[in-house]
Amino acid sequence: MNPRKFLNPWVLFGAAALLTAGVLDNDYYLTLINFIGIHALLVVGLNLLMGYGGQISLGHAAFFGLGSYTSGILTATYGVNPWLALLAGLVVCGVTAFLIGVPALKLRGYYLAMATLGFGIIVYIFFTEAHKLTGGPSGLAGIPSLSIGGFKLDTPKRLYLLIWPVLGVILALSANLVDSRTGRALRALHEGETAAQSLGVNTAKLKLLIFIWSALYASLAGSLYAHTLNFIAPSSFGFMFSIKLVTMVVLGGMASIWGSLLGAAVLTVLPEILTMFHDYEVIIFGAILMVVMIFLPRGLVRGLKDLWEFRRYKKEGGIIG
Amino acid sequence: MLAITDQPLLELKEISLAFGGLQALDGVSFTVAPGTVQAVIGPNGAGKTTLFNLITGFLSPQSGRVVFQGEEIQGQPPHQVARLGIARTFQLVQLFDYMTVLENVMVGRHRLSRAGLLAGALRLPWTSQEEVSIRERALEELQFVGLADRAHQPAAALPLGLKRLLEIARALAAEPTLLLLDEPASGLDAVETERLQEMILALRERGLTILLVEHDMGLTMEVADQIAVLNYGQLIATGPPREVQKNPEVIAAYLGTDWQT
């Protein structure tokens with residue numbers, strides 16, 4: 001059998017995930033990995049909207065927050081079953097995305113960016129000001145952990161066993177999607193809306209659908225986040241986090257499913273490593289981003305692939321010396 | 001010679017549209033019989049592309065009607081018009097540059113397939129079958145235009161001549177009843193133009209109705225059954241190529257009237 005067949009990203013993903021589960025027993029690292037997983041959920045959703053569909057959103061953290069707070073409030077304040085609360089979060093985010101998407105997606109480019117930015121800010125202010133509901137700026141505590149049939153998911157290891165399989169499923173769904181009829185229509189919308197329409201693609205409906213779809217990913221991530229930390233505060237869902245998500249998409253690679261994972265991983269781990277530089281942390285962080293984007297403008301995954309192919313080309317005696 | 005049925009496939013009735021003070025189209029009426037090649041010619045700015053945009057729903061007429069297969073379609077959005085079986089190409093080629101040649105044509109199958117977002121994400125068994133048939137039909141169209149060996153290249157990598165062919169293949173994949181070609185020969189060399197001519201005639205053999213905007217008079221005269229001539233938004237002549245060629249008004253529109261006196 002062809003050994004290359006086993007070298008596909010899915011096998012590597014599964015193997016790495018299993019290995020991590022088996023070997024790693026350090027709470028700090030597992031927690032970090034869980035956050036990578038949660039961020040990757042957000043980023044892959046945003047990448048479907050932005051990288052594949054070409055519709056920018058600068059308010060994606062709002063959906064993350066809505067999912068998070070719906071789960072948090074329903075479970076901590078009203079004692080609802082966490083799984084039902086998670087479903088409720090999906091409904092809240094889906095409906096909100098629909099209501100926001102109908103008017104906002106009529107806009108393009110910078111205007112859409114502005115509208116989603118405004119939406120993000122409004123939701124953030126709602127989280128800080130609706131004290132009775134959200135606990136205000138000091139946050140919402142006492143969110144219970146998830147449990148599966150009496151098995152409480154309250155350690156990083158146990159959460160890992162939930163978050164990463166969920167991420168695996170979502171990545172698979174997303175990879176299927178982009179390689180399907182709707183996925184092609186989505187990419188067509190990005191590259192030539194007029195031409196897509198001329199072939200029967202209802203672009204307005206498609207934009208709305210993918211906006212809602214990516215909001216659902218964010219809601220799922222938000223619920224998992226709330227039950228992972230058992231505490232949430234508005235500061236996690238502000239404008240800066242929306243920007244960070246966009247950065248993860250671009251750094252990993254627009255229109256790349258694996259790029260989403262890599263982008264989320266790098267931008268989750270990097271700040272942790274850079275804490276040793278204390279005050280210079282942000283400067284170094286910015287510099288790394290700049291260097292990567294200057295030399296690998298297509299993002300990490302494609303950029304590294306290009307480099308690899310270029311090296312092989314040179315080895316095989318290409319004309320570029 | 002031509003079997004012209006009672007009901008035209010496409011009928012334009014008194015179409016008018018002005019952009020501000022510019023009367024782009026002024027009471028234009030003509031019909032396209034099924035199974036024919038109808039050309040629309042006229043000097044630059046005569047309103048030809050505007051006419052195409054009106055038929056395909058990218059513009060709405062201020063007055064007048066567009067009737068396709070007996071149904072009024074003016075004012076419907078483009079994707080709706082496309083779903084009725086009208087496909088088009090663009091004067092400035094509009095491909096999906098970073099998708100492969102094959103994927104471009106596969107998008108053409110959109111109106112004839114139905115896998116939605118959820119079905120596609122879950123890859124339900126029936127969608128896999130649909131994907132196979134989409135791929136096969138798309139490959140057939142690529143073979144027809146002679147691009148099958150380039151199926152897996154990005155569309156952006158093709159030279160202009162082949163891009164035009166790809167755009168035609170993509171439109172054909174939608175199995176249209178009416179195909180609108182907007183200056184398909186522009187940017188093509190002599191050999192490519194000849195191939196295009198053969199292709200248009202082959203499509204007519206298939207029973208396709210074609211509406212063609214073209215500046216290449218040689219090609220137009222060879223393939224058109226009927227020609228409509230526009231000048232400053234007005235229809236100044238219709239008829240078979242030979243008649244139109246001799247029409248003094250048409251000659252005046254192209255060459256000016258001064259040369260006679």
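This is a predicted model: local features need pLDDT of at least 70, side-chain atom pairs count only at pLDDT 80 or more; totals for chains, interfaces and linings use all residues.
Although Gln69(B) is not a glycine, its phi is positive, at about 50°.

Most residues other than glycine have a negative phi. Glu14(B) is another non-glycine residue with a positive value, its phi being near 50°. Glu14(B) lies within a strand, E1 (residues 10-19) of chain B.

## Packing of H3(A) and H5(A)

Two packed helices are described by the angle between their axes and the distance between the axes. For helix H3 (residues 60-77) and helix H5 (residues 109-129), both of chain A, the angle is about 30° and the axes are 9 Å apart. Angles under 35 degrees count as roughly parallel, so H3(A) and H5(A) are roughly parallel to each other. Their crossing is left-handed.

On the H3(A) side, the residues in contact are Ala62(A), Phe63(A), Gly65(A), Leu66(A) and Tyr69(A). They meet Phe119(A), Gly120(A), Val123(A) and Phe127(A) of H5(A). By class, this contact has 7 nonpolar and 2 polar residues, with no charged ones.

## The largest nonpolar core

The largest nonpolar core has 102 residues, of which Leu48(A), Phe63(A) and Trp164(A) touch the most other members. Helix H2 (residues 27-52) of chain A gives the most to this core, with 15 residues. Phe63(A) is also one of the H3(A) residues that meet H5(A).

Apart from its neighbours within four places in sequence, Trp164(A) is in contact with Phe13(A), Ile33(A), Asn34(A), Ile36(A), Gly37(A) and Leu261(A).

Technical notes:
Residues are numbered from 1 along each chain as its sequence is written. Chains are lettered from A and ligands numbered from 1 in the order in which they are written. Side-chain values use heavy atoms; hydrogens and water are left out. Axes are lines fitted to C-alpha atoms, for helices over the stretch in contact, and angles run from 0 to 180 degrees between N-to-C directions. Helices (H or I, at least four residues) and strands (E, at least two) are DSSP runs, numbered from the N terminus. Angles under 35 degrees count as roughly parallel, over 145 as roughly antiparallel, 65 to 115 as roughly perpendicular and the rest as oblique. A crossing is left-handed if the near helix is turned anticlockwise from the far one by less than a right angle, and right-handed if clockwise. Contact means heavy atoms within 4.5 Å. Ala, Val, Leu, Ile, Met, Phe, Trp, Tyr, Cys and Pro count as nonpolar, Asp, Glu, Lys and Arg as charged, and the others, Gly among them, as polar. A nonpolar core is a set of buried Ala, Val, Leu, Ile, Met, Phe, Trp, Tyr and Cys residues joined through side-chain atoms within 4.5 Å. Buried means under 20% relative accessible area, exposed over 50%, partly exposed in between (1.4 Å probe, protein chains only).
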